[in-house]
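Hi there,

Here is the structure I promised to pass on. Have a look at it first, and then read my notes below.

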Amino acid sequence: MSVSKNKSATEPANGHRAAAVIGWPITHSKSPAIHTHWLKEHQIDGHYGALAVRPEDANAFFADFKSQNLVGANVTIPHKETVFRHLDYVDGAAKEIGAVNTIWTTDGGLSGTNTDWIGFQENLNDHAPGWQTGGKTAVVLGAGGAARGVVYALKQNGFTEIIVANRTRARADEFKARFGDSIVPVALDDVEDHLAHASLLINTTSLGMEGHPPLTLSLERLDRNALVTDIVYTPLTTPLLALAKTHGHVTVDGLGMLLHQAVPGFERWFGVKPVVTHTLRQLILKEMGLDA
Ligand code: ATR
């Protein structure tokens, strides 16, 4: 099995605690910078690195996870679904979302959860407090893995009508089977007909991301009080958010979701609940070459 180490994620053994992000490729991950910041802030004798694991090696890697001497890990693309079959315990959120992004070792084996939905929720709590009280209808653009975490968070926060709009309509239909009758699946081309009653519009597609086509959507029919957010954070102000601002909508960018999804893992592995601060945000912006 070829596992290339980026820094030495597995290096510390002398009582130190080590965790890592596991994906393929992994070079652009911001997780090491986030967790290293918190380790320093709390003066914890620990380490957080990055492990690049090829898709064809993932089953063997997770089957023998204990040999890595890690207290746990973040699991990212393309392993969020593969890791499932190697877990001894999966919590309810991860089961409903169908993906795991955070694992930890226990005496009984390997446990997993999904913290993406918490990242989404806490980003809005942070930047748009009261976001869940404006109405009960939300429009979600996209029906991929990221959308599943967002829809789970919307359900947890009392949304009773969740319009899932996707280019491939069949994937939106699968959301109704997974999440129940609060889901209204529609084709992405028809989504403008569904904007009028929404209090929240979320982009979970890759449209608008650097190197991808922009999202071309008219916001004419969206209620002016609706909040608009994007889980894409490169660029920070996506074309959707820029357009929403010109219409006077409150907007929230996606960087906070990345920062907040890291909190539960750090707390579980290192025993301290860290806080997402302005300093951390500035640090990650700097890593992205976007120091504001
Ligand atoms: P992730 O796990 O990040 O959500 P994904 O499962 O590949 O990634 O989902 C990507 C989402 O972006 C999907 O909703 C995808 O639509 P399809 O299901 O039709 O593929 C959407 N997407 C990607 N490129 C798109 C494009 N050019 N136009 C419309 N939607 C697009």
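A quick definition to start: a pocket, on a 1 Å grid over the protein atoms alone, is an open set of points with protein on both sides within 12 Å along at least five of seven lines. A molecule sits in one if more than half of its atoms lie within 2 Å of its grid points. By that rule, the ligand sits in the largest pocket.

Bear in mind that this is a predicted model, where local features need pLDDT of at least 70, side-chain atom pairs count only at pLDDT 80 or more, and totals for chains, interfaces and linings use all residues. Residues are numbered from 1 along each chain as its sequence is written, and side-chain values use heavy atoms, with hydrogens and water left out.

Around the ligand there are 13 residues (a heavy atom within 4 Å counts). The closest are Ala-143, Asn-166, Arg-167, Thr-168 and Arg-171. By class, the shell has 4 nonpolar, 7 polar and 2 charged residues (Ala, Val, Leu, Ile, Met, Phe, Trp, Tyr, Cys and Pro are nonpolar; Asp, Glu, Lys and Arg charged; the others, Gly among them, polar).

Now the polar contacts (pairs of N or O atoms within 3.5 Å). A side-chain N or O atom of Thr-168 is 2.5 Å from a ligand oxygen. For Arg-171, a polar side-chain atom lies 2.9 Å from an oxygen of the ligand. With Ala-143, a polar backbone atom is 3.0 Å from a ligand oxygen. Taken alone, the ligand exposes 640 Å², and the protein buries 69% of that (Shrake-Rupley method, 1.4 Å probe).

Cheers

Definitions and conventions: A polar contact is a pair of N or O atoms within 3.5 Å; within protein, one must be able to donate a hydrogen and the other to accept it, and residues adjacent in sequence count only if both atoms are side-chain atoms. On a 1 Å grid over the protein atoms alone, a cavity is a set of points where a 1.4 Å probe fits but cannot get out, and a pocket is an open set with protein on both sides within 12 Å along at least five of seven lines; lining residues have an atom within 4 Å of a point.
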